[in-house]
Amino acid sequence: MEHQMNLLTSFGLLFIISAGFFRSCYGYTFHVGGKNGWVIDPRESYNHWAERNRFQVNDTLVFKYKKGMDSVLVVNEEAYHNCNKTDPKETLNDGYSVFKFTRSGPFFFISGHDGKCENGEKLWIVVMAVSHRTHTVHSTAAPPTPASATLPPTTPAPPKTAAAPMPSAMLQGTDKPKMHAPAPATSGVASTAFGGWVGLILGLGLVLGF
């Protein structure tokens with residue numbers, strides 16, 4: 001039973017990922033205004049209808065209306081607010097107009113028929129940018145670790161070498177109190193010999209009566 005539940009969960013995740021993949025590649029088709037189509041004074045305002053949906057790159061809008069009785073103008077924001085029909089970016093007038101989103105950002109549509117834009121036949125849609133998560137799911141290469149992505153390569157530190165043993169003289173100078181070096185042996189021998197000769201001469205003088 002647990003194995004079957006795991007399989008169902010896996011198939012569910014696969015379906016969601018596949019749906020996102022096909023959505024990003026082929027997109028959805030939205031019929032503007034639903035059954036009413038592109039008409040004046042619709043049951044639901046077109047902007048309220050747009051707020052209930054999410055639009056992405058590659059999605060398509062379909063405007064249905066009577067050919068020759070209406071049209072769709074793709075305009076900028078200023079023309080949208082002022083219902084300015086004089087210089088549209090694009091004009092659609094075949095009665096079954098299809099418009100595909102090729103980029104993210106805002107899009108503005110108004111009716112090309114006199115008086116209809118002023119009475120609510122206008123549409124403002126914001127297309128969402130492609131999310132980073134979508135690219136992460138379909139990427140085959142493993143993402144770089146934070147350390148490799150943000151820090152430059154470092155050179156290894158040189159191996160530590162053992163400190164050379166200190167000479168005994170240095171150890172005596174640092175670990176022990178300082179000792180005065182003895183006088184040279186030759187000076188001591190000379191003084192001793194000189195003293196011995198003086199004593200011998202004085203002794204002989206006393207014996208001989210000098």
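A disulfide is a pair of cysteine sulfur atoms within 2.5 Å. The exercises below concern a predicted model.

**Exercise 1.** State how many disulfides the structure holds, and describe the geometry of the link of Cys83 and Cys117.

Solution. 
- The structure holds 1 disulfide.
- Its partners are Cys83 and Cys117, with an S to S distance of 2.1 Å, and the cut-off is 2.5 Å.
- The angle about the S-S bond is -75°, and the link of Cys83 and Cys117 is left-handed.

**Exercise 2.** Locate Cys83 and Cys117 and say what the pair ties together.

Solution. 
- Cys83 sits in the loop between helix H3 (77–82) and strand S5 (90–92).
- Cys117 sits in the loop between strand S7 (105–111) and strand S8 (122–128).
- The pair therefore ties together parts that are 34 residues apart in sequence.

**Exercise 3.** Find where confidence is highest and where it is lowest.

Solution. 
- The mean pLDDT of the protein is 72, and 50% of its residues reach 70 or more.
- Strand S4 (residues 72–75) has the highest confidence, at 98, and helix H6 (residues 168–175) the lowest, at a mean of 44.
- Residues 132–140 have pLDDT below 50, and this stretch has 5 contacts beyond near neighbours in sequence.
- Residues 143–152 stay under 50, with 2 contacts beyond four places in sequence.

Notes. Residues are numbered from 1 along each chain as its sequence is written. This is a predicted model: local features need pLDDT of at least 70, side-chain atom pairs count only at pLDDT 80 or more; totals for chains, interfaces and linings use all residues. Side-chain values use heavy atoms; hydrogens and water are left out. pLDDT is the predictor's confidence in each residue, from 0 to 100. Helices (H or I, at least four residues) and strands (E, at least two) are DSSP runs, numbered from the N terminus. Contact means heavy atoms within 4.5 Å.
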